[in-house]
Amino acid sequence: MDVVLFGPPGAGKGTQARLLAARLGVPQIATGDMMRAERASGSELGRRFDAYMGRGLLVPDELVLELLEERLRRPDARAGAIFDGFPRTVAQAEALDALLARLGRRLAAVVSLDVGLDAIVERAAGRRVCEACGQTYHVRYNPPPSTGRCGACGADRLVRRDDDAEPVVRRRYEEYVAKTEPVLAYYEARGLLRRVDGTGSVDVVTRSIGEVIDAVRSAR
Ligand code: AP5
């Protein structure tokens, strides 16, 4: 099953994508995580991402699509994937449809998490990410263990992302409104869009997404 988790920066896509991927037994494909890994490796490609990500701008489509196609062709993604942070432009949405069609697949649903700007800024301010395994926490809403170590892998490398500073978050949100929100109309026109209130607790949002996925599955 191929599902897109959609929403503004900090809406909870990564948190929910991890849970949904585990539930469906397919990988989470998070373009932002892949790009951060590339930056951390110091590669030439990673250096090209630096210029955009640190300023809250979208990375050009051609660079993203190269990364995405390579990831989607790996054996663990044969039965589907949860796309997190992709697609972010109409061109990326069209490219994803074409790529899935070449693999004999099509999207089952696009689940959009609706969250307003104030909540987004607060979520970004409190986010901590494990550099070792990618597990995400929030100092208030989803705190890491009191040991200061990651509850998932035990590493003591919980950090703030460089693009979570408030001015960068606001810039990311502007990019979302200008370039990513139009993708909603693309999916609405294809009957794939399902909207979920993303403002409740993590558990409440997980339940709402679960209900949407169950409904999509039984309608297939
Ligand atoms: P990316 O890493 O994809 O960031 P994003 O989409 O901006 O989303 P975030 O990771 O910030 O948030 P999220 O929605 O996953 O929320 P999370 O679950 O962490 O992209 C970063 C950059 O990479 C982009 O700016 C761009 O430059 C580039 N990029 C990536 N993909 C690209 C693409 N396809 N094309 C072009 N450029 C691309 O939750 C946030 C916080 O809230 C956490 O602390 C979490 O614990 C907490 N939280 C989660 N759910 C709840 C809840 N229900 N209640 C309270 N707190 C919650």
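**Cysteines and ligand shell**

With a relative accessibility of 39%, Cys153 counts as partly exposed. This is a predicted model, and the points below are to be read with that in mind.

Cysteines
- The sulfur of Cys153 has its closest cysteine sulfur in Cys130, at 3.7 Å, which is too far for a bond, because a disulfide requires a pair of cysteine sulfur atoms within 2.5 Å.
- The structure holds zero disulfides, and Cys133 is accordingly in none, the nearest cysteine sulfur being that of Cys150, 3.7 Å away.
- Cys133 also counts as partly exposed, at 28% relative accessibility.

Ligand contacts
- The ligand is surrounded by 35 residues, of which Thr15, Leu57, Arg88, Arg127 and Arg172 are the closest.
- An oxygen atom of the ligand lies 3.1 Å from a backbone N or O atom of Ala11, and a polar side-chain atom of Arg36 lies 2.8 Å from an oxygen atom of the ligand.
- A nitrogen atom of the ligand lies 3.0 Å from a backbone N or O atom of Gly85.
- Taken alone, the ligand exposes 1,000 Å², and the protein buries 97% of that.

Make-up of the shell
- The elements that give two or more residues to the shell around the ligand are α1 (13-24), α2 (31-40), β6 (136-138) and α9 (202-219), and α2 gives the most, with four residues.
- Sorted by class, the shell around the ligand has 14 nonpolar residues, 13 polar residues and eight charged residues.

Terms used: Residues numbered from 1 in each chain as written. Predicted model: local features only at pLDDT ≥ 70, side-chain atom pairs only at ≥ 80, totals over all residues. Heavy atoms only, no water. Near = heavy atom within 4 Å. Polar contact = N/O pair within 3.5 Å; in protein donor to acceptor, adjacent residues only side chain to side chain. Areas by Shrake-Rupley, 256 points an atom, 1.4 Å probe, with all protein chains shown as cover. Nonpolar A, V, L, I, M, F, W, Y, C, P; charged D, E, K, R; others polar. Buried < 20%, exposed > 50% of the residue type's maximum accessible area, 1.4 Å probe, protein only.
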